[in-house]
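Hello,

I am handing over the structure below, with notes on what was found in it. Please read the notes with the structure open beside them.

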Amino acid sequence: MRRKVTRGLQAALATSAVGAAMVVALPMTQASAATGGVTGYATQNGGTTGGAGGQTVRATTGTAIHAALCGRASSSTPIIIQVEGTINHGNTTKVSGSSCNTADGVIELKQISNVTIVGVGGGAVFDQLGIHIRDSSNIIVQNVTVKNVKKSGSPTSNGGDAIGMESGVHNVWIDHNTLFASGGEDEGYDSLIDMKAGTNYVTVSYNTLRNSGRGGLIGSSDSDLANGPVTFHHNLYENIDSRTPLLRGATAHIYNNYYVGLTKSGINPRAGGKAKVDNNYFKNSVDVLGTFYTDLMGSWQVSGNIFDNVTWTAEGTENHPAGPDPTSNTSISIPYAYSLDPASCVPSVVTATAGAGTGLQVSNGSCTPTSPTGGPTSPPPSSPGPTPTQSQPSGTNLSIGAGADGSSKASGTSYGNVIDGNVSTSWSPNGPTGSISVKWSSAQTVARINIREASGSSIGSWQVLNGDTGAVLKTGSGGGVISFTATLLKKVTFTITGSSGTPKIAEFETYAG
């Protein structure tokens, strides 16, 4: 049903957008997993660990995120992708490979598994760019901001959803993220978190969702009923018209969330959907629980909630509010352990812990924000790339006597400077990204390269490519020795996909083993 954003939401944007901007700009410490790790339904069905135990890669562009996925040995090889900076349409392009299926203008997690995307450093902002999870499993998205994703107007991404999941997705943890729009459908936006077409075993925890016509749905139509179960806990919903969430046929456990300014409706189980609603705090809102806009009823089990200045409309043909005195009309069994904060402290503890840039703090179950102690998504403290070191490798440097070429070079630099054996000369791309290649007239077996950076260089994320075929041999960040499967080729290419300053390569050494 098409629904216009209310004047209450529009009027609030001017003041709330200031708060949203502050969340985006907050400095943050190095990310690590929240105390106790994953919670809720994402712990079931084998659990959710994301990329735990895999390689850690730093990415500063959307293209680099795709390159990291495509550079894995397989589509299920675990990987933790640490993201810093602004990810937008200008730096997010399709990357090809056997371990990925990516696309331009969207972060595409398609037909893959065992991946963590986590914001680090100064924060990660996905600007007008959505995250699309399709036919994938064991995925964690943590500590990032996704803002103003549009389905109409320009630019568009991900059907207007900040985070969308569909088609055989299971075991996903969406944790400590900030998701917001600047209006509703009439302004070109759709939803903040959508799950459909067989999305199962998901936990949405400690997120901030604000300034949107639609918070999210589980089930895209009254015939899309094979989704869930989903846990929502310790999330802040602010200035949302409706769908916090909309449940079609799905079961959801909804506890310790803080809802402020729901202007049309809130939790909306329908078409057989069920919601267990425990110890939430609802404030300055309308019709926060019930079945709305349909006569296909859902049901709810309620306990411990606080309704602070909540208005309830009258019962009607397609309007079935649970209030003004909500009582349970179903019973839902929860298969996992959990701790409930008293509803009275939910506003304070959720405000302190929800969203990106809050240090991944969680509640200790007694209303007190607690710093993380590590867990399956904890990245190493220094955020390194995938094992480059600065030691000098043994063997013959095959680059001496070879040729070199690359992308546009900066003034005063030369391709040949990387193969002359002289570290006082260097090559730089004409910008923060670019590529440099070493090539031979006859094929060579190459298994290692050594990227020796000049003083003042700041290489970020990169790919090593087979220059003959374009195949990705390795991805990572920073300079140093990089090893990969021995490959027979005539050309090897080092492509810089992201950097925070000017990359300067003094020598591009190549070795057989």
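Which residue in S7 is the bridge partner of Val125? The partner is Thr145. Please keep in mind that this is a predicted model.

Strand S4

S4 covers residues 113-127, and 12 of its 15 residues are buried, which leaves the strand mostly covered. S4 pairs in the parallel sense with strand S7 (residues 145-147) over 3 bridges. Strand S2, residues 79-87, is also paired with S4 in the parallel sense, over 8 bridges; there Val83 stands opposite Gly119 of S4. S4 and strand S6 (residues 137-142) run parallel and are joined by 5 bridges. Within that pairing, Thr116 has Ile140 of S6 as its bridge partner.

Strand S20

Residues 274-278 form strand S20, and 4 of these 5 residues are buried, so the strand is largely enclosed by the rest of the structure. S20 pairs with strand S17 (residues 251-255) in the parallel sense over 5 bridges, and Lys274 in S20 has Thr251 standing opposite. S20 also runs parallel to strand S23 (residues 299-303), with 5 bridges joining the two. The bridge partner of Asp278 in S23 is Ser303.

Salt bridges

How many salt bridges does the structure hold? The count is 11. In general, side chains of opposite charge can pair when their charged atoms come close.

One of the salt bridges is between Arg134 and Glu166, with the closest N and O atoms 3.1 Å apart. Arg134 lies in strand S5 (residues 131-134) and Glu166 in strand S8 (residues 163-166), so this pair ties together parts that are 32 residues apart in sequence. Glu166 is buried, with a relative accessible area of 18%, whereas Arg134 counts as partly exposed at 28%.

Asp405 takes part in a salt bridge with Lys439, at 3.0 Å from N to O. Because Asp405 is in strand S28 (residues 403-406) and Lys439 in strand S29 (residues 434-453), the pair links parts 34 residues apart in sequence. Lys439 is partly exposed, with a relative accessible area of 33%.

Asp405 also forms a salt bridge with Lys491, where the closest N and O atoms are 3.3 Å apart. Lys491 lies in strand S32 (residues 480-496) and Asp405 in S28, so parts that are 86 residues apart in sequence are tied together. Lys491 counts as partly exposed, at 24% relative accessibility.

Finally, a network of salt bridges links Lys151, Glu185, Asp190 and Arg214.

Regards

Methods
Residues numbered from 1 in each chain as written. Predicted model: local features only at pLDDT ≥ 70, side-chain atom pairs only at ≥ 80, totals over all residues. Heavy atoms only, no water. Buried < 20%, exposed > 50% of the residue type's maximum accessible area, 1.4 Å probe, protein only. Pairing = 2+ DSSP bridges. Salt bridge = Lys/Arg side-chain N within 4 Å of Asp/Glu carboxyl O.
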